[in-house]
Amino acid sequence: MENVQENKVKKKSPALLIAVLTAVIVIGAGSVSAFFLFNKSPKVKYLLAETKTFTQIGDLFEERYKNEVAWMDVQKSKPVESTYDLSAEWNDPSAGYDMVELQRILNNTTFSMTQAKDPVDKEWEMNFSGKFGSVSSDFATLYFTPEKMMAALPFTDKLLFFLDEDYGKMMRETDAFYEGPEKLGLSHLFEEQFSMDGEFQKYVKEEYMEYLYHELPEEAFTSEKEEIELFGEKVKTEKVEMKLSEEQVKSLLVDLFKKARDDEKLKALLKEQIAFSTMTDDISDRKLTELIRDFEDSLDEAVDGVNKLHMPNGLESTIWHKSNSIVKREFAMSIGESKDEIATLKIAGVQLLEKSGQKWDYSFTGTEPYMQDETIVKFTGDLTWKDGKSDDTITITAEDVSITYKGKEELDGKERKFNREFAVSDKDFSPKLVWSGKATHEKDSVKADHEFTIIDPSGAISTTDIYLRLKQEGKIVKKVDMPDESKNLVDVGKMSSDELDDLGDELAQEFEKWVTELMGDLQSELENF
């Protein structure tokens, strides 16, 4: 598959795009659940099992971490103040003099960030500070609203700000060749998500998922009862198979690409989505025209590329489900730009999703043109959750490399204690990251202590363990304390280039004086250690 992806970059082949859309066909079309109420054909059974299994995975995660999910929901509707304190401990006796000095500094330094955010009134305060021994200092306090950004700095009594609508002008005053957006897009900071917004997601689901549902041919699906072995036990299941010929896959994708190319509403929503994801409100007409033209050209190339591709075995996907929960899966697809350059991807595995635990054992097998050896990636997991206690193991292996996660958790009411280990093994290099601690999530507050330990048996990173500690606190507050805008307010967004230069010179002098005093205090503190 890597060869196919590589060629895609070089020759603009749509092979990778086809692989992504294939996954959408196999899984995503299952979201069209309205049709499932009245139709129990093999196609509906297949898609229903896919969407129900996907939903089941999300439900199991939310059930295990319901306290954490509830706190996330609180932050979406009420003003919350959060504080994070980060410190470190590193004592490596083999380190040289310079590194010993660095260790002393790290071991006595704490970086802090305190923020208060109101998602309703759309106000946000962020303060950054630090402490070295007994010396404390603020670095900056930033304030955001959908209309403006303000900054309070420790070396000046001025409160600097600019309106979002003045962002483009301000940038041109500092760079005559600036051609970026007119607004920074501060309003996006108060949106719940930076990816798929509601309207875009709804439109794609209704317009394209339903399209795929109707276009998938009924005759491509068959079903039968079958008993399988699942982790040592016999299980009665329903086997549902989807087989699409090369012609059917090509026809489906070509029609889909053409539909998207001529969809004016999709293009308009894509423009909004691009602005949203890049945190800018404005895209110039010229830039928008270029983006839409590139989008149309890429789909034209995809249509042409699909017809040139070879998929000798089409697409085969089989699932075994019990009560709409998938317990076994097989998937196979071969694709290439010529009959002699065929790459194959096969997925096979079993899974069991229950409230008390989840297991899976999957293998991903890929073959490349002109290579006899297969590339096999194994993905296994064994998660247990019983009486508020968990014991989890997840492993990914590929040739000589393995990545392992081992976790133990204990939930007692609102308090969760945990120890999570992430390990990489690659011959002589086997570092490990241990994340341990405890967290208490109440209805109106959270307190947590996290410790991250870096362990390297080879000594390539350090001969001793390195510790990072993060202390977290959060609580609901009445409001965000925004600054008094009647005093020392400086609108940098309205300034000319010369005025900005003068302000920069003035702030530079004040900053230099502040840094000199701070460094003197830090030097005195370091000498006392």
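This report describes the fold, the strand pairing, the surface and the salt bridges of the structure shown above.

The structure is a predicted model in which local features need pLDDT of at least 70 and side-chain atom pairs count only at pLDDT 80 or more, while totals for chains, interfaces and linings use all residues. Residues are numbered from 1 along each chain as its sequence is written, and side-chain values use heavy atoms, with hydrogens and water left out.

## Overall composition

The chain contains 11 helices and 20 strands; helices (H or I, at least four residues) and strands (E, at least two) are DSSP runs, numbered from the N terminus. Of its 529 residues, 40% count as buried. Here buried means under 20% relative accessible area, exposed means over 50%, and partly exposed lies in between (1.4 Å probe, protein chains only). Among contacts with a separation of 6 or more, 54% come from residues 24 or more positions apart, a contact being heavy atoms within 4.5 Å. The chain exposes about 29,800 Å², and carbon and sulfur atoms supply 53% of this area. Accessible areas come from the Shrake-Rupley method with a 1.4 Å probe, and for residues only the protein chains shown count as cover.

## Helix α11

Helix α11 covers residues 497-527, 31 residues in total. Its span from first to last C-alpha is 44 Å, close to the 45 Å expected at 1.5 Å a residue; the expected span is 1.5 Å times one less than the number of residues. Buried positions in α11 are Leu500, Leu503, Leu507, Trp514, Leu518, Glu525 and Leu526.

Strand β11 (residues 341-354) pairs with β12 in the antiparallel sense over 11 bridges; two strands pair if DSSP finds at least two bridges between them. A hairpin of 2 residues joins β11 to β12, and Leu352 has Lys359 in β12 as its bridge partner. Strands β12 and β13 also run antiparallel, joined by 10 bridges, and Asp361 has Thr380 in β13 as its bridge partner.

The loop between β12 (357-367) and β13 (375-386) holds Met371, which is partly exposed at 49% relative accessibility. Met371 and Ala343 are 28 residues apart in sequence, with their C-alpha atoms 9.7 Å apart in space.

Beyond β13, Asp387 occupies the loop between β13 and β14 (389-398). Asp387 is not a glycine, yet has a positive phi of about 55°; its relative accessible area of 71% makes it exposed. Phe231, in the loop between β7 (221-230) and β8 (233-244), likewise has a positive phi, of about 50°, and is partly exposed at 34%. Most residues other than glycine have a negative phi.

Asp166 is found in the loop between β6 (159-163) and α6 (167-174). With 9% relative accessibility, Asp166 counts as buried, and it touches Gly493 and Lys494, leaving aside residues up to four places away in sequence.

## Nonpolar surface patch

Leu86, Phe111, Phe128, Phe139 and Leu468 make a nonpolar surface patch of about 400 Å². Patches are made of residues with over 30% relative accessible area and no salt bridge, with like charges joined within 9 Å and nonpolar side chains (Val, Leu, Ile, Met, Phe, Trp, Tyr) within 5 Å. Leu86 lies in strand β1 (residues 80-90) and is partly exposed at 36%.

## Salt bridges

The chain has 33 salt bridges, each defined as a side-chain nitrogen of Lys or Arg within 4 Å of a carboxyl oxygen of Asp or Glu. The table gives three of them.

| Pair | N to O distance |
|---|---|
| Arg329 and Glu50 | 2.8 Å |
| Glu89 and Arg469 | 2.9 Å |
| Lys76 and Asp73 | 3.9 Å |

Lys76 and Asp73 are 3 residues apart in helix α4 (residues 66-77), a separation of about one helical turn. Lys76 is partly exposed at 43%, as is Asp73 at 41%.

The salt bridge between Glu89 and Arg469 links distant parts of the chain: Glu89 is in strand β1 and Arg469 in strand β19 (residues 466-476), 380 residues apart. Glu89 is partly exposed at 29%, and Arg469 is partly exposed at 30%.
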